[in-house]
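Subject: Structure for you to look at

Hello,

Here is the structure I said I would pass on. Please open it first, then read the notes below it.

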Amino acid sequence: MPTLYLEQFGISSPAAVLVHEQEESRQWEIEQPAEIQSMPQQWFREAMGGVRKLLSDADAGAADLDKAIAELEAVETEIRRLYTETMGVKREGEIVRAKVVRQQDREAVQRVNRNINLAQQWLDAAKAVIPALRDARWQLMAIRAESEDPGDAPAFDNADDLISYLVS
Amino acid sequence: MLFKPTRRFREQVLADSKTSQKRIFRTLKKLVRDPWAPGVNLEPITGRKGFWTARVTLGCRLLLREVEPDEKKQRVFHIIGYGTHEEIYW
């Protein structure tokens, strides 16, 4: 997992938790431990706090920008992948719910509802965190450009000349 | 209006595939003609004065920085690089 550096800022991919949730959820009969139930919101809060800290450290020149940019992109990609998977898990749960409702198994309905809600909470958190990570990455790219030598290329007002220069 | 490719941008283009290069060049043509044309979708980066992004594809954007005008008072943009920027439609 690409979290070695970003973990200092509290930004980590929730993959391990979600894999566990998915494994548990697929059985649809296992109780979710309380700490996992509260995880999406907690992870979201920590990640957002981490993004703010990362940007403030980057502004102060105290962050490894290349590393942070690469890792943020990897975390973002991973969360997108998990988002799609979790959507599948939720749909699967809705099918199971229809089945247990037909069987009039009230206890099973409650358990399945709890897992569907958990998947939904995770999806909501991911929806908020993905654009925040993406925008933070672009801000870091801008911060990096501020301190970088742009090089000695000429300035162009003609696209063909610009393209010729790029490939020469 | 003038556009200066930075060293990072040139290296990035040269290292990229021919297909990606074609997309970038297509964007550069639109950008140099008129940065504010709707297809370029130029947007400022929030909280970073002078920085802009321009759309290459739905999942990729160019990073630009407006610097001081040149001696003829022409606006100058540095083309800094490009990267993934997924547009999100939930």
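A crossing of two helices is called left-handed if the near helix is turned anticlockwise from the far one by less than a right angle, and right-handed if the turn is clockwise. By that rule, H4(A) passes H5(A) in a left-handed crossing. Please keep in mind throughout that this is a predicted model.

The helix pair in chain A

H4 of chain A covers residues 65-102, and H5 of chain A covers residues 106-146. Their axes come within 8 Å and cross at roughly 160 degrees. Angles over 145 degrees count as roughly antiparallel, and therefore H4(A) is roughly antiparallel to H5(A). Where these two helices touch, the residues divide into 27 nonpolar, five polar and nine charged.

Confidence in chain A

How much of chain A reaches a pLDDT of 70 or more? The share is 81% of its residues, and the mean for the chain is 80. Among the elements of chain A, helix H6 (residues 159-167) has the highest mean pLDDT, at 96, while helix H1 (residues 15-27) has the lowest, at 48. Two stretches of chain A have pLDDT below 50. One is residues 15-21, with 11 contacts in the model beyond near neighbours in sequence. The other is residues 25-36, with 19 such contacts. Where pLDDT is low, the predicted coordinates should not be read in detail.

Strands in chain B

S5(B) pairs with two strands that I want to point out. With S1(B) the pairing is parallel, over four bridges. With S4(B) the strands run antiparallel and are joined by eight bridges.

Where the chains meet

Which element of chain B gives the most to the side that touches chain A? In total, 32 residues of chain B are in contact with 23 residues of chain A. The elements of chain B that each supply at least two residues to that side are strand S1 (2-5), helix H1 (7-15), helix H2 (18-33), strand S3 (51-57), strand S4 (60-67) and strand S5 (76-84). S5(B) gives the most, with six residues. By class, the side of chain B that touches chain A has 15 nonpolar, eight polar and nine charged residues.

Regards

Technical notes
Residues numbered from 1 in each chain as written. Chains lettered and ligands numbered in written order. Predicted model: local features only at pLDDT ≥ 70, side-chain atom pairs only at ≥ 80, totals over all residues. Contact = placed C-beta atoms within 7 Å. Nonpolar A, V, L, I, M, F, W, Y, C, P; charged D, E, K, R; others polar. pLDDT = per-residue confidence, 0-100. Pairing = 2+ DSSP bridges. Axes fitted to C-alpha atoms, helices over the stretch in contact; angles between N-to-C directions. Parallel < 35°, antiparallel > 145°, perpendicular 65-115°, else oblique.
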